[in-house]
Protein chains: 4
Amino acid sequence: MNILSLREKKAVKKKEEILKSAVEIMAGKGYHAVTVEEVASRLLMTKGSVYYYFNDKEDLLYQSIRMLMEQTIDKIRSVLEEEITIVEKLKKAIVQHTISIISERSGFSISIRLEQIFTGRYLEELIQLREEYSEDFDTLLEKGMEEGLFISTNVKVVRNLIFGAMNGVVQWYSQEGEMDKKEFAEMIANHLLRLILKSK
Amino acid sequence: MNILSLREKKAVKKKEEILKSAVEIMAGKGYHAVTVEEVASRLLMTKGSVYYYFNDKEDLLYQSIRMLMEQTIDKIRSVLEEEITIVEKLKKAIVQHTISIISERSGFSISIRLEQIFTGRYLEELIQLREEYSEDFDTLLEKGMEEGLFISTNVKVVRNLIFGAMNGVVQWYSQEGEMDKKEFAEMIANHLLRLILKSK
Amino acid sequence: MNILSLREKKAVKKKEEILKSAVEIMAGKGYHAVTVEEVASRLLMTKGSVYYYFNDKEDLLYQSIRMLMEQTIDKIRSVLEEEITIVEKLKKAIVQHTISIISERSGFSISIRLEQIFTGRYLEELIQLREEYSEDFDTLLEKGMEEGLFISTNVKVVRNLIFGAMNGVVQWYSQEGEMDKKEFAEMIANHLLRLILKSK
Amino acid sequence: MNILSLREKKAVKKKEEILKSAVEIMAGKGYHAVTVEEVASRLLMTKGSVYYYFNDKEDLLYQSIRMLMEQTIDKIRSVLEEEITIVEKLKKAIVQHTISIISERSGFSISIRLEQIFTGRYLEELIQLREEYSEDFDTLLEKGMEEGLFISTNVKVVRNLIFGAMNGVVQWYSQEGEMDKKEFAEMIANHLLRLILKSK
DNA sequence: AATGAATGAGCTTTCATTCAT
DNA sequence: CATGAATGAAAGCTCATTCAT
């Protein structure tokens, strides 16, 4: 498996570079500021080359977002598999997500208004991915409720509130004097756990 | 003061209509989908006319956002002046903000990445306004802490988490089966209060 | 009826100028050589202006072809209404069509592979128009057969052969030493009538 | 002569495949729809390879058209060499040409506006070829006139009318319910002979 | 021989902005 | 005041062509 010729490896690498270039611009100036021209010129390429690797701009943005989402999902999944308590899992998940948001700014990919950017199959697949991610969280919340650790309530509402609060972080983190990311994320997690933890 | 000739009154009214038209489009299709052409055509005007009332597109958007922000600020301020407990004030503020978001969708104006859209003086003034709004909330939170009703913590962090959670609502409210707005907003408020209320 | 303001008249005129510009290029270099840029620059306009009058390039070409087709149809219809014999009508129709082809080169609009250029509604309407034109000819041929003037045969086949021969003229007329157009067209008609006239 | 090494033979074969691929696309979607990319991909090649065999796109198209023209000329020449009457030769030539058009669609190569596509030497040579083909027809017509079988008239005019009618067939044949090609072509020939045959 | 990769010119289209009337 | 008209800058995309390997 994964037998790629040198050429293919190079091509994969190039694609990734392009995706990263696009992500950087998105993170800095927003999706609508992304032009194929700029994505290319950051890599000292020309527009034409980008079109060699991607069908069109929507495809490029789609794959960018997809990459970010998958990275975040992977991290959260590995947290879920650790042998720790539900509460710790939830906390770690929030910390992880928050770190993703403030470091790679991938958080926006979860909170984005996908419908305003994508169409057709692209849209469907990203929505699907977002839902998978949500379900991972929901499962965790449900378990906590069953075990009597969390308050009994509407899972989706709580999950969405937590998501909203986390994703919002991207907008104000930098103002907070660049506190250590890990530390910052843990503080956030501690706060957000109050939304769901049963108070003694 | 406030003595406007008939002509001036008409002009003011026209401006407001244009602003509303712009806001509608923003709410529906998002920020970047706003074109001067569409703003005008919704009012059976032509593009040229819009430029009679506004210097340029940035000006138009600036004033739109400003109007939304001011409306929301006004509502929150009148809540703050009511003769009710701090906790009730906070709850009412959250309810009010949430309703604004899901009905007029003005919430986006608070959560928007202003820096990605505005420049120069426009940007400064909107940031200023956003801060005023934040301070109103902060004052409330501080009072609650002083009175021992709220947990003692970093006010800005909690305020930003609450803002994030509230603003995120715009993205998932409609899926919730169109529950009554007031009722929905109160549910949200009850959840979010847990972030700050001391548990007995 | 037909009450147009001065402005509207000007606009109509402008549209016509643009259509003519497009037709000229088509006639000279073929459809695919038509660029919006060139259509505009021939009128000392900019591309942008053309898009003020037409939705897109397909719309521009559609209206160009349509205009040509309608002009040709009109001429043939007035021939059909004249009080002359069937044979004379057919001859005049052929003459007229031939003259159209070699002078305004509108002939190509009939013979063009519409499917290779147009799509959707545009395509449908032009095909419809082409069929109307064909029917006018067919009716004439049928009458002639009924009256025993023409040989009895498949109308569509004969009509299509005549069309093909006439439309082909555009490709070789200029080589013929610029004979007088009318005279030339009559010669063509005399030849083509042999296809259908009963020989004594 | 004609001593080609295995390598050379392979190269010739490859070239022919590429030419056929180009012709197929032309026949199906028209001239301007031919892209080097598609020509190559139909043969599971890459664009680069095509450029190994042809100088540039014009060269590729030139050789494609040339091949079609030569094939058609060959067929007509063998008809001319048969030991049959002039009238039968003309009829057979028309049948043959018509069949070529509707089966291989090579007809377009004769009727195409070469000047809109080719330049320089390419253009000259194709025009030359087209003229050779025309002369074969013209010789036949002249002989028929000399023998008193055909009406006395301008040979070129008649030849061009016949060409136009035949070439036009490509546009409407398919609508005719897919009549047998041979039968169809003979019907066409019988009609077109009326253009030139002396009526008794 | 063949190909993957890159390029650049050219085209269509959108849209904020201006301005004479 | 309002509008029709025009403009030009930017963006997306296609494709013939080149070239190192």
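This is a predicted model: local features need pLDDT of at least 70, side-chain atom pairs count only at pLDDT 80 or more; totals for chains, interfaces and linings use all residues.
**Entry: Glu115 and Arg130, chain A.** I found Glu115(A) partly exposed, at a relative accessible area of 40%. Its salt-bridge partner is Arg130(A), with 3.3 Å between the closest N and O atoms. Glu115(A) sits in the loop between α6 and α7, and Arg130(A) in helix α7 (residues 120-146), so the bridge ties together parts 15 residues apart in sequence. I noted Arg130(A) as buried, at 18% relative accessibility.

**Entry: the pair in chain C.** I looked up Glu115(C) and Arg130(C) next, and they form a salt bridge with closest N and O atoms 3.4 Å apart. Here Glu115(C) is in the loop between α6 (107-111) and α7 (120-146), while Arg130(C) is in helix α7. Arg130(C) counts as buried at 17%, and Glu115(C) is partly exposed at 40%.

**Entry: chain B.** I then checked Lys92(B), which bridges to Glu82(B) with closest N and O atoms 2.8 Å apart. Lys92(B) belongs to helix α5 (residues 86-104) and Glu82(B) to the loop between α4 (57-81) and α5, 10 residues away. Both are partly exposed: Lys92(B) at 40%, Glu82(B) at 29%.

**Entry: the tally.** My count over all chains came to 50 salt bridges.

**Entry: symmetry.** I laid chain D on chain C: a turn of 178° and a shift of 0.0 Å along the axis gave an RMSD of 0.4 Å. That is the relation of a two-fold axis. In chain D, Ala165(D) has the C-alpha nearest the axis, 2.0 Å from it.

Key
Residues are numbered from 1 along each chain as its sequence is written. Chains are lettered from A and ligands numbered from 1 in the order in which they are written. Side-chain values use heavy atoms; hydrogens and water are left out. Copies are superposed by least squares on the C-alpha atoms of residues with pLDDT of at least 70 in both. A salt bridge is a side-chain nitrogen of Lys or Arg within 4 Å of a carboxyl oxygen of Asp or Glu. Helices (H or I, at least four residues) and strands (E, at least two) are DSSP runs, numbered from the N terminus. Buried means under 20% relative accessible area, exposed over 50%, partly exposed in between (1.4 Å probe, protein chains only).
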